[in-house]
Amino acid sequence: MKGPALLFISLLSLGSVVGQVSYTIPEEMAKGSLVGNIAQDLGLETKRLISGKARIYTRDSDEYIELNRERGVLLVKKRIDREALCRQTTPCALHFQIILENPMEFYSVTVQITDINDNAPTFEEGQIEFKISESAITGAKFVLERAVDLDVGTNDLQRYELKPSDNFALKVHNNADGNKNVEMVLQKPLDREKQEQISLVLTAVDGGEPQMSGTMLIVITVLDANDNAPVFTQTTYKATVTENSPKGTVVAAVTATDADQGSNSKITYSITNTLDDVRKVFKINKENGEVILIANTDFEESRNFQINLRASDEGGLTDSCKLIVDVQDVNDNKPEINIMSKSNVISEDAKLNTVVTMINIDDKDSGENGKVQCFISDNVPFVLKASTNNFYSLVTDSELDRETASEYNITVTCSDEGVPSLSSSVTLTLQISDVNDNAPVFERSSYEAYIVENNTPGLSIFTVRARDADWNQNARVSYILEDSSVNGVPVSSYVSVSADSGVIHAVRSFDYEQIKDFQFRVKAQDGGSPPLSSNVTVKMLIQDQNDNPPQVLYPVQTGGSLVAEMVPRSADVGYLVTKVVAVDVDSGQNAWLSYKLQKATDRALFEVGLQNGEIRTIRQVTDKDAVKQRLTVIVEDNGQPSRSATVIVNVAVADSFPEVLSEFTDFTQDKEYNDNLTFYLVLALAVVSFLFITCLVVIISVKIYRWRQSRILYHSNLPVIPYYPPRYSDTLGTGTLQHVYNYEVCRTTDSRKSDCKFGRAGSQNVLIMDPSSTGTMQRIQSEKSILDEPDSPLEVRLI
């Protein structure tokens with residue numbers, strides 16, 4: 001039978017829902033019987049009970065009610081005996097909570113157990129005996145043992161019947177506590193001579209359906225005269241005892257008097273309680289009426305005791321009284337901390353006021369001793385909030401960061417307000433789960449890496465490292481080369497990055513002379529979802545290697561012409577013959593050049609400046625010196641190993657060109673010279689006419705040519721050939737070079753077959769001659785032009 005259900009729901013700010021449902025069922029229901037549809041009464045769906053892992057939480061170890069999640073109903077788990085559960089307490093109820101998770105919720109449920117008439121009234125003893133004097137006056141009272149009925153309400157003991165009722169009548173007194181005192185009253189004087197022993201039957205009847213009863217036999221022995229019964233000085237005594245008082249403590253002393261004398265006035269005291277455990281806790285001294293404590297008293301189990309006392313004389317006359325003993329509470333119980341539901345793991349991105357754990361506090365003491373205050377350890381991002389009925393929720397109070405603290409040991413301490421205060425504590429361990437909230441961070445804000453040119457492709461150059469403060473997969477870092485270009489070429493054709501280790505490898509072999517440095521960006525990305533990343537700039541510097549020999553710029557080595565420097569025989573010591581100009585496209589010490597004279601026709605006549613390449617005379621030129629001098633100059637760089645280039649310098653020691661010509665070559669006039677002269681004159685006239693017409697085109701072409709030359713020089717990364725202006729001053733400390741390099745070219749009329757060039761400086765003559773030429777040349781003096789001679793076969797051009 002299901003009773004009415006009442007539902008009370010109140011919402012709290014803690015995120016948990018508290019509600020109350022009440023049911024009423026009779027005791028002794030069969031196992032599996034329906035108590036109530038909890039899902040319907042709470043307005044919940046059964047899938048919520050399943051997903052929330054609904055369960056019953058009770059403070060007691062015995063569970064009488066079970067929850068069927070699939071049906072959403074409460075069922076009887078095992079037989080419920082109201083008398084064993086609650087004894088005489090009414091109403092009798094079971095209190096428990098329904099706990100749900102995700103999110104955490106709890107509901108309070110009360111199941112009231114109603115009584116059925118399953119217990120008959122019983123007497124502690126099946127037979128009692130009285131010794132009554134025949135002189136007992138009418139109206140004498142004899143206290144009888146009360147019957148005990150474990151049922152309550154209408155099923156409890158309702159009335160007593162005494163049979164036969166010839167001499168005695170039954171009188172029942174209703175006490176304020178609901179109990180009934182039964183007395184047997186003498187209505188007719190006894191006559192021992194007529195009846196020495198009387199047997200009566202006392203029947204106790206309850207009010208249940210069906211009605212049940214219990215009996216006790218009363219055997220009365222009639223004695224001779226004892227006409228005064230004992231009388232207590234008070235009908236009710238009161239005493240106080242502190243709980244946990246030691247055994248043997250005298251709680252109180254009662255006194256009764258008897259007006260008789262002799263043996264009839266000797267009084268014996270006894271305790272008549274039969275229903276409760278009074279006899280197990282107290283005893284009375286039969287002689288003096290002292291009530292003594294024989295067991296521990298616990299305020300939480302019994303707050304007071306009512307002791308029924310009886311005084312009997314030798315003649316069988318009695319009187320009764322009651323002793324009310326109040327138990328005083330002491331603070332002897334620590335608060336009990338019960339974990340109703342808890343989470344062992346919480347995400348670091350959990351919102352504020354997220355419920356982590358729900359606990360219930362119970363202190364069995366009363367008053368100030370039972371008031372409990374709870375708090376948690378400091379410096380944790382959690383707070384303990386009280387709800388109702390000593391329920392607390394542990395909620396987040398600030399943002400969580402797993403990288404700062406990955407685990408919390410939260411100690412919950414509860415103390416009562418007793419003196420001295422008692423406390424208990426429990427430690428909750430809470431793991432913080434990681435979310436991907438930290439991007440990888442490189443060890444440096446930027447990197448510089450160096451690699452020597454001419455490296456092997458695939459060479460490991462450098463390693464970039466980034467660290468991620470997250471954990472596990474969120475902290476796994478991958479390295480990615482970001483797309484970019486170097487001089488229009490994808491950077492991936494230059495370098496590659498290992499995704500796992502961050503090692504940078506060279507994809508190609510680098511050439512310092514083509515590219516000296518370049519930059520690219522590397523991205524570090526974690527394995528979270530979504531992934532986070534950061535990037536860093538890496539500057540790659542190519543280091544030079546001595547892989548280029550020096551290049552001689554002057555004197556120019558031609559395959560078909562012979563270039564000679566003229567030295568007059570009057571030249572003094574230190575006379576500057578010429579200067580070897582060379583460059584090295586390498587850099588640093590690899591481009592530092594030194595000049596040495598490797599071979600010479602006369603080593604005693606010339607020397608080469610080690611640093612500047614200047615060829616000078618080291619002694620006075622004499623007439624004995626050969627006209628034709630051949631010098632081999634080696635140019636070396638400072639690399640390891642060094643590289644070199646050689647240049648041959650022809651020097652003519654002479655004062656005039658004819659002398660030089662006769663020494664270097666034999667020029668013969670071609671027989672066909674005069675025949676070709678007319679052809680060349682006509683060709684020259686046509687060329688001049690063409691140049692005149694295309695003057696503007698030539699100017700534009702020259703500008704384009706200069707522009708292209710400057711661009712080629714800019715992209716080649718080659719050192720700029722130094723330009724030596726007129727009256728160039730040498731700053732190397734080796735002397736002053738004051739020469740004007742003005743070159744005059746003289747060609748024969750048969751210029752298709754000969755190419756002889758003469759150059760003259762302010763104090764120096766330079767001869768450029770093609771050894772295969774068959775024509776003749778003459779020295780051109782500055783004070784007389786060969787053009788002034790009418791029969792001259794030569795053509796002069798300034799360059």
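1. Leu-683 is found in helix α6. At 41% relative accessibility, this leucine counts as partly exposed, because that class lies between the 20% and 50% limits. The model is a predicted one.

2. Leu-683 belongs to a nonpolar surface patch, together with Phe-679, Val-687, Phe-690, Leu-691, Val-698 and Val-702. The accessible area of these residues together is about 600 Å². Two or more residues of the patch come from each of α6 (673–693) and α7 (695–716). The greatest contribution is that of α6, with 5 residues.

3. The structure holds 2 disulfides. Counting bonded cysteines along the chain, the pairing pattern is 1-2, 3-4.

4. The link is right-handed, with 65° about the S-S bond. Cys-86 and Cys-92 are both buried.

5. The other disulfide joins Cys-374 to Cys-414 at an S to S distance of 2.1 Å. The torsion about its S-S bond is about 110°, so this disulfide is right-handed. Cys-374 lies in strand β28 (residues 372–376) and Cys-414 in strand β31 (residues 407–416), so the bond ties together parts that are 40 residues apart in sequence. Both Cys-374 and Cys-414 are buried.

Technical notes: Residues numbered from 1 in each chain as written. Predicted model: local features only at pLDDT ≥ 70, side-chain atom pairs only at ≥ 80, totals over all residues. Heavy atoms only, no water. Patch = residues over 30% accessible without salt bridge, like charges linked within 9 Å, V, L, I, M, F, W, Y side chains within 5 Å. Areas by Shrake-Rupley, 256 points an atom, 1.4 Å probe, with all protein chains shown as cover. Salt bridge = Lys/Arg side-chain N within 4 Å of Asp/Glu carboxyl O. Helix = DSSP H or I, 4+ residues; strand = E, 2+ residues; numbered from the N terminus. Buried < 20%, exposed > 50% of the residue type's maximum accessible area, 1.4 Å probe, protein only. Disulfide = S-S within 2.5 Å.
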